[in-house]
Amino acid sequence: MTDETKIKMMEALAKSGMSVGQFIMENTGTITYNDNRCSEKKDKPKVTEEIISRALIAINGKEKAVDSQRAWLGVCCLLGWKYDFPRNLADCCNSIKALGIDESLLEFKCKYDSIRMYGSWKFLKEKYEDWPSYTPRDDERQMFQKCLAVAQALDKEIEKQSELEL
């Protein structure tokens with residue numbers, strides 16, 4: 001059923017006096033009903049490899065989120081869960097290298113050998129969106145907290161870089 005058909009059905013129901021409890025449809029612009037603006041939603045820009053590259057450069061260095069090679073684990077987790085990068089750590093590192101970032105701009109390089117030992121840790125299997133309420137095992141707590149901080153910083157920086165594209 002098209003959105004136009006859904007709108008016509010909703011108008012017919014409203015005119016008949018019948019109430020509509022819930023009506024779900026995607027809105028990618030402005031809906032006008034009786035010449036009144038009901039709702040507006042701006043399209044978000046697509047997150048590109050360039051945006052991700054700029055974000056990675058921005059959060060990399062001493063006193064920044066990615067302040068060690070091990071911190072790349074948090075990067076791989078976020079990119080894998082939210083931005084369709086491979087969830088396999090080796091493949092994720094290869095995809096990051098394939099972005100073509102000038103490595104002289106990165107104080108800490110993404111190296112699979114620095115994060116591979118964490119590949120079987122339990123929190124890596126948890127969805128990123130569940131991390132803020134996740135309780136890690138005691139032996140994973142410190143690394144989990146670092147990964148969460150890195151993932152949140154990267155997510156925020158990607159959002160910032162996306163807004164610059166507008």
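Me: Where does Gly 61 lie?
Reply: In this predicted model, Gly 61 sits in the loop that runs between helix 2 (49-58) and helix 3 (72-82).

Me: Why is Gly 61 called buried?
Reply: Its relative accessibility is 3%. Buried means under 20%, so Gly 61 counts as buried.

Me: Which residues is Gly 61 in contact with, leaving aside neighbours within four places in sequence?
Reply: Val 66, Asp 67, Glu 107 and Phe 108. Contact here means heavy atoms within 4.5 Å. As for Phe 108, 47 residues separate it from Gly 61 in sequence, while the C-alpha to C-alpha distance is 6.4 Å.

Me: Why is Ser 114 called buried?
Reply: Ser 114 has a relative accessible area of 14%. The cut-off is under 20%, so Ser 114 is buried. Ser 114 belongs to helix 5 (residues 112-115) and touches Gln 69 and Arg 70, not counting residues up to four places away in sequence.

Me: What makes up the largest nonpolar core?
Reply: That core has 42 residues, and Leu 73, Ile 96 and Phe 123 have the most contacts inside it. Helix 2, helix 3, helix 4 (89-97) and helix 6 (141-164) are the elements that give two or more residues to this core. Helix 6 supplies the largest share, 8 residues.

Me: Which residues does Ile 96 touch, not counting those up to four places away in sequence?
Reply: Leu 56, Trp 72, Val 75, Cys 76, Leu 79, Phe 85 and Cys 110. In soluble globular proteins, nonpolar side chains tend to be buried together.

Definitions and conventions. Residues are numbered from 1 along each chain as its sequence is written. This is a predicted model: local features need pLDDT of at least 70, side-chain atom pairs count only at pLDDT 80 or more; totals for chains, interfaces and linings use all residues. Side-chain values use heavy atoms; hydrogens and water are left out. Helices (H or I, at least four residues) and strands (E, at least two) are DSSP runs, numbered from the N terminus. Buried means under 20% relative accessible area, exposed over 50%, partly exposed in between (1.4 Å probe, protein chains only). A nonpolar core is a set of buried Ala, Val, Leu, Ile, Met, Phe, Trp, Tyr and Cys residues joined through side-chain atoms within 4.5 Å.
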